[in-house]
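Take a walk through the inside of this model.

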Amino acid sequence: MPSETSIFQPPVNISRCSYICNLEEYKKIYLESINEPEKFWSKIAEQFHWETSYNHKSFLSYNFDISKGPIHIKWMEGASTNLCYNLLDRNVKNGHADKIAFYWEGNHPDDYSKGLTYRKLLEEVCRFANVLKTHGIEKGDRVSIYMPMILELPIAMLACARIGAVHSIVFAGFSSDALAERMVDCKAKMLLTADGVWRGEKPLFLKALCDDALYKAEILGHKVNKCIVVSHFKRVSECRQDFQSQNIPWNEDRDFWWHDEMEDKESACYPEWMAAEDPLFMLYTSGSTGKPKGVLHTTAGYLLYAATTFKYVFDYKPNDVFWCTADIGWITGHTYVVYGPLSNGATSVMFEGTPFYPDNDRYWQIIDKYHVNQFYTAPTAIRALMKFGEEPVKKHSLNTLRVLGSVGEPINPEAWMWYYRNIGKEKCSIVDTFWQTETGGHVITPLPGATPLKPGSATLPFFGVEPILLDDGGNEIQGEGEGFLVFSRPWPGIMRTIFNNHPRFESTYFSKFPGYYCTGDGARRDTDGYFWITGRIDDMLNVSGHLMSTAEVEAVLTEHSKVSEAAVVSRPHPIKGESLYCFISPNAGESFDRKMIDDLKKLVRERIGPFAQPDVIQCAPNLPKTRSGKIMRRILRKVATNDRDIGDTSTLADENIVEVLFANRPENI
Ligand code: WTA
């Protein structure tokens, strides 16, 4: 029986017919990609359409060393292309017009489901591109999108890409405050949304939330002039017994129905040819200082990287059906629901619902329904599904599966083994893919036919990526060791800047260790050169694969009028990976009670979103601080886990605080 410490060789049936069949072949190609990146990536570029061709001499230019001048990364300067053209027109021209691009599966199995071909997708995208133009959207304008997992979302993204507008998607689980802040930051000209959506048994009224956000944005100084709304809740509710009509708030001057706008539009739209380094999209990610950062990705490099990682990491073959369960509102959905699959002419599943509705076998049922070959999900989902045991899995055959992916946080070996045995039936390759919003695509990952696997390790770098470990002093660690995970050179998919804030880009990623892009993650390299991501080394938490900063949550908690100070730490959680444990110092004379706890949880939900809700809020009459006033989070983490082994406390200004904190731990946690 294989165990968590075994090495798992790639299954022979997979190796035999995969693009990269063994480790030697991987190493050979990897070295080529590192030694001659221009040659490697320009060969890959040949399969795409370039309106203006590229020049081999100026294929790559970059500076990662802030002491030598501004940080910059440029791939394929001088070339021009259009992402949408490459994803749709090119595939249609190559004979894939009638191939399914997306199978759309609704929240409930009885809701309608739908297949969308490349031809139809192209037509819809062109029509919506014409809608955008009619409303005055031009190249370079930002369009905010707050949508559920419906086909109009990729249609809207690609329509933006077709005319050169920059989409800024906000995950439709964020609060109206968070949406408002993001629309203001990117100065969005337009917002795209839907009336509402069912999530399991819960209706979510997105348009009402958007109205709130649009109002708040205006107060914050930026007016978004147009809002286009998909009538989705209505069309789904109409095919259900329990139709609930809802009153959709409407502003005649600002709001438009998607279907009305599409009605008279032409299904052709000439693409805007974009320079290689023109922006494609921005996506906000949490920053350790609180304010979200608009990570900006550009055209040519992102195309090359999304396409190449998708093809090799999932070993996607022309007749396969791929399914990534991530919401498009996160980077995983951008790259591996939309851009990666479509750039390969792939067929994928897009699912609106949750793994638990109507039953805990929904994922497994969908895999069988569409004969899914590659399934890509998050460790938090695997852990949540493990809880229900093997029964729900056994109801389904799952025999089409070949590659199983994991992303978002380190996967614990126990969950890895469960995935491998029960879902993969010991016949599938597991790809534990390490990457970030900033990296655009996978950077450390196995390849299904080539890489021997070790449960819990993201294994080896992807082509063109050279990971380096640094010690505290910034010295490179050779061979085995543990340190800061950094990169000293770019691959095509790396972010180019933070929208409208290049200095913050330079200081966040390039100032800690001059000459290196710093991921913010720690990692260990073992004797075989395998990488094991050890987690964040800054004040970031990863709750169910959602990255957030302690500072962001602390800022919200201290907004409460009765709170004087707050400190947030992460506590391990069996399903979510990590959870938020908050320490609150009430103002003098204020009592800490149930109501305060409820109010604070509500505040975090409102300001950030439901996924950021704290698990525990405890009273801390005083926080443990050094004499210079710095909060000692190390001690708070010990209190959170009820670990009395707190180590040296001599630097604390008041050592008695520790006992009070342990005494104040709530019961039953
Ligand atoms: C973490 C998600 C370990 C890591 C694509 C990273 C992982 C952050 C893995 C980025 C993995 C992601 N193993 N840790 N396979 N994948 N992470 O920007 O801390 O939402 O820095 O991008 O998630 O999260 P983000």
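How many cavities of 30 Å³ or more does a search of the whole structure find? It finds two. This is a predicted model, so local features need pLDDT of at least 70 and side-chain atom pairs pLDDT 80 or more, while totals for chains, interfaces and linings use all residues. Residues are numbered from 1 along each chain as its sequence is written, and side-chain values use heavy atoms, without hydrogens and water.

A cavity is a set of points, on a 1 Å grid over the protein atoms alone, where a 1.4 Å probe fits but cannot get out; lining residues have an atom within 4 Å of a point. Volume is the space filled by probe spheres set on the points, which are joined across faces, edges and corners.

The largest cavity holds about 50 Å³. Its lining includes Asn82, Met274 and Thr299. Six lining residues are nonpolar, three polar and none charged. The second largest cavity holds about 30 Å³. Among the residues that line it are Phe171, Arg182 and Trp330.

Now the ligand. A polar backbone atom of Gly408 is 3.1 Å from a ligand nitrogen. For Glu409, a backbone N or O atom lies 3.4 Å from a ligand nitrogen. Asn542 places a polar side-chain atom 3.5 Å from a ligand oxygen.

Note on methods
A polar contact is a pair of N or O atoms within 3.5 Å; within protein, one must be able to donate a hydrogen and the other to accept it, and residues adjacent in sequence count only if both atoms are side-chain atoms. On a 1 Å grid over the protein atoms alone, a cavity is a set of points where a 1.4 Å probe fits but cannot get out, and a pocket is an open set with protein on both sides within 12 Å along at least five of seven lines; lining residues have an atom within 4 Å of a point. Ala, Val, Leu, Ile, Met, Phe, Trp, Tyr, Cys and Pro count as nonpolar, Asp, Glu, Lys and Arg as charged, and the others, Gly among them, as polar.
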